[in-house]
Amino acid sequence: MLFNSLSFAIFLPIVFILYWSFQNKKLVVQNVLLLVASYFFYAFWDYRFLLLLVFSTFLDYYTGRIISGKEDPFWRKFWLCQSVIINLGFLGVFKYYNFFAGSFAEALSSFGFRVHPATINVILPVGISFYTFHGISYVLDIYNRKIIPEKNIINYSVFVSFFPLLVAGPIERATHLLPQIQKKRTFNYAQAVDGLRQILWGLFKKIVIADNCAAFVNSIFGNTIQYSGSTLLLGAIYFAFQIYCDFSGYSDIALGTARLFGIELLRNFAFPYFSRNIAEFWRRWHISLSSWFRDYLYIPLGGSQTNTIKKVRNIFIIFLVSGFWHGANWTFIIWGGLNALFILPSILTKTNRMNLDIVAQGKFLPSVKEIMQISFTFCLTVFAWIFFRSETLTQAMNYVSIIFSESLFTIPEQRSRMIALLIILFMIVEWFGRENQHPLVILKERNAITRWSFYIITTFAIWYFGVFEDRAFIYFQF
Amino acid sequence: MRHFVYKLLLFILIVYIIVFGINFIIGKCNNAPLYFALQYDEVINKKVKANCIVIGTSHGTHAIRPSYLNSDKYKFYNFSLSGAGPGFYIKWYDNIFKPNYPNPEYCIFAVDWFMFDGNWLWRRYEQDALYFPSATFYKNLFQLKSYDTRTLLQNRYPFFIHKGISDLKFAFRGEKGDKDFFTSDYDNGYVPWFAANKVGVIDPPQDIIVDRTLVNDFIFMIKSFQSNGTKILFVNTPEYGLSIEEYYFKPTIWVIDSIAKQYKIPFLNYNTEKRSNINNEAGNFIDWGHMSSEGSKKFSKVLSTDIKEIMQ
């Protein structure tokens with residue numbers, strides 16, 4: 001069930017009304033309803049993989065309890081490893097098996113051995129990368145004695161499978177979400193209205209910006225060699241907006257939907273294209289995954305509190321793993337590697353903690369220096385996105401080589417003024433709302449006529465400028 | 001909670017009123033060719049109440065003038081529609097024609113050598129939802145497995161049809177879709193086509209396929225007509241630019257030939273054995289397959305003579 005589908009438009013109001021009509025009942029009623037709705041939501045896509053989700057939930061729930069009951073470090077580690085290995089094992093089989101089998105066969109063939117790898121024809125269960133990480137972080141937090149295990153299996157199941165975050169995050173932490181699930185929720189008008197605003201903005205991003213860019217980008221990336229460098233550059237820029245609006249649009253809908261149920265999820269995006277350097281970009285892009293890798297991989301490896309060689313190693317490890325997390329393809333790994341290279345200078349010169357504030361905070365426009373910094377950071381990310389979007393490394397290299405040819409200075413064969421105009425309008429709204437969790441928060445301070453006019457105009461803009469082709473969110477495949 | 005729901009309902013109501021208004025305004029400027037509506041109007045309101053009908057693609061629409069075929073005993077109506085093939089007609093017959101129109105004595109099926117290629121014949125039954133009687137529309141809407149609900153809804157309301165900005169501009173300019181289809185010369189379903197770029201473009205498609213599903217639909221339709229006592233005639237209207245030999249190598253023609261033999265249906269092919277000078281004059285055509293107003297008059301006279309012999 002896609003957030004931008006008719007089935008979700010029917011599902012959400014039904015669950016919402018049922019949920020709040022049980023407001024005066026016990027907490028367990030609210031949570032059982034959320035769990036049933038979440039399982040229905042997941043089974044709507046493919047009911048067979050529901051078993052996998054339930055198994056993963058039970059595994060981490062019981063492992064958490066066992067670890068908590070053990071004092072012997074050996075057994076604590078044993079049970080932790082068991083959980084992590086099984087969780088990553090599922091991820092490995094469903095997501096990476098064919099990649100490893102193929103790469104192994106290719107490596108052998110380069111030594112003259114011909115091997116036909118036994119590939120398996122599996123469908124990647126939607127959301128597996130996300131709920132696996134939920135489970136692992138929960139068990140790790142118990143192992144590190146940061147939290148005590150949840151006793152109630154219903155509460156824990158809702159934590160893992162709460163439908164707004166089930167298929168593409170944000171990757172939640174037990175410390176943040178579980179306390180909200182353990183407490184009875186009461187209807188909060190301001191929270192629900194803001195949730196709707198965020199859903200509206202998320203739909204605009206996805207249906208209008210991302211899906212319009214997608215048609216353009218698919219045509220350019222599908223016929224790379226036919227276009228000039230200038231067209232390919234435009235294609236890469238449009239992809240930068242496509243992926244941002246697609247994923248952050250999804251996150252906005254997820255966060256907004258959760259708010260309708262009285263639950264606050266972790267923020268996933270904080271206007272990353274207004275970042276002044278790559279380190280800031282990574283503090284603002286896919287925040288829940290970046291912070292997950294920081295807390296459970298980077299810091300345990302020593303983080304930046306170690307010697308230079310280890311710092312460099314740690315940076316490369318987290319970015320390569322992050323790339324690999326996105327999918328079993330060398331293009332993602334190179335994308336991760338490029339980002340590691342881009343961020344490395346700021347880590348080594350200890351300037352990565354600069355720009356912790358919001359750009360041009362309290363000002364109408366940024367300074368010239370800030371414009372230059374933002375533009376340079378955007379160029380770097382666009383360059384890396386070329387690898388992320390390409391099907392193969394060869395295609396990516398061709399793409400880059402055509403961009404950096406004489407044809408870069410020609411007029412693009414393909415250009416869409418309408419998309420460009422929509423992106424400019426979108427970025428203006430984002431700019432003026434950058435100091436908030438989402439841009440439409442600024443409407444709170446406006447009068448009713450302004451607010452309602454904006455809602456209605458945005459609704460009709462989605463209808464008239466949007467693409468209605470059941471186009472799935474990009475991050476569903478991860 | 002109640003306050004929230006009321007406000008949400010108010011918002012939905014405002015959006016609905018705006019949609020209703022836009023729908024009303026665009027509905028007044030509907031740019032679909034008027035003759036589409038006229039074909040459906042005849043089925044539903046039975047003004048002519050013909051006892052012989054013509055169905056087929058646009059080649060049939062722009063070639064066969066019913067008034068030339070009429071006789072004391074037989075009244076014709078041409079229900080051919082652009083891009084309509086067997087896949088379209090099987091649903092049209094069941095939902096629109098059979099429940100609303102008297103059972104015809106004869107049906108001329110204007111066959112073509114591309115009629116079993118679903119990619120070539122673009123028209124889908126659901127796309128005509130605008131013209132369906134309400135009862136038929138709602139019945140189809142809830143037959144989720146048999147009909148494409150989304151297409152039905154999209155095509156029922158002008159608000160949904162004219163979604164793009166260019167569509168809106170077109171609709172609000174008040175241009176009518178019959179700009180190229182002069183209904184002033186409308187003849188019981190026949191409508192002349194005046195293309196902006198007048199022919200002699202000779203570019204008939206080469207990569208035509210025979211889709212077995214569409215062949216089966218076609219056979220099913222024939223059986224339906226015959227079981228209701230309707231006699232069928234196949235007519236391949238004249239085309240321009242292809243030699244007789246080329247028609248003999250068209251797989252679709254072989255299939256139509258074999259069906260005609262199997263179900264004892266007369267097949268008048270005006271591109272092979274019944275070919276005449278009509279085929280050779282560019283002035284009789286708008287392009288390689290669509291006849292001009294002049295051409296349709298000449299051809300309808302010939303057809304009238306030929307079918308009289310069969311229908312007697």
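Two residues are in contact if their C-beta atoms, placed from the backbone, lie within 7 Å. The model is predicted: local features need pLDDT of at least 70, side-chain atom pairs count only at pLDDT 80 or more, and totals for chains, interfaces and linings use all residues. Residues are numbered from 1 along each chain as its sequence is written, while chains are lettered from A and ligands numbered from 1 in the order in which they are written.

**Exercise 1. Describe the side of chain A that touches chain B.**

Step 1. Count the residues. Chain A gives nine residues to the contact and chain B gives eight.

Step 2. Find the elements. Helices (H or I, at least four residues) and strands (E, at least two) are DSSP runs, numbered from the N terminus. On chain A, α9 (189–222) and α18 (448–465) are the elements that give two or more residues. The largest share, four residues, comes from α18(A).

Step 3. Ala, Val, Leu, Ile, Met, Phe, Trp, Tyr, Cys and Pro count as nonpolar; Asp, Glu, Lys and Arg as charged; the others, Gly among them, as polar. The side of chain A that touches chain B holds eight nonpolar residues, one polar and no charged.

Step 4. Note the scores. The predictor gives the complex an ipTM of 0.79 and a pTM of 0.79.

**Exercise 2. Characterise the fold of chain A.**

Step 1. Take the secondary structure. Chain A has 18 helices and zero strands.

Step 2. The C-alpha trace of chain A spans about 70 × 65 × 45 Å along its principal axes.

Step 3. Check the contacts. Of those in chain A with a separation of 6 or more, 74% link residues 24 or more positions apart.

**Exercise 3. Trace the sheet of chain B.**

Step 1. Order the strands. Two strands pair if DSSP finds at least two bridges between them. In chain B, five strands form an open, parallel sheet in the order β2-β1-β3-β4-β5. Its edge strands are β2 (76–78) and β5 (267–269).

Step 2. Zoom in on one pair. Three bridges join β1 (residues 52–56) of chain B to β2(B). B:V54 has B:N78 as its bridge partner in β2(B).
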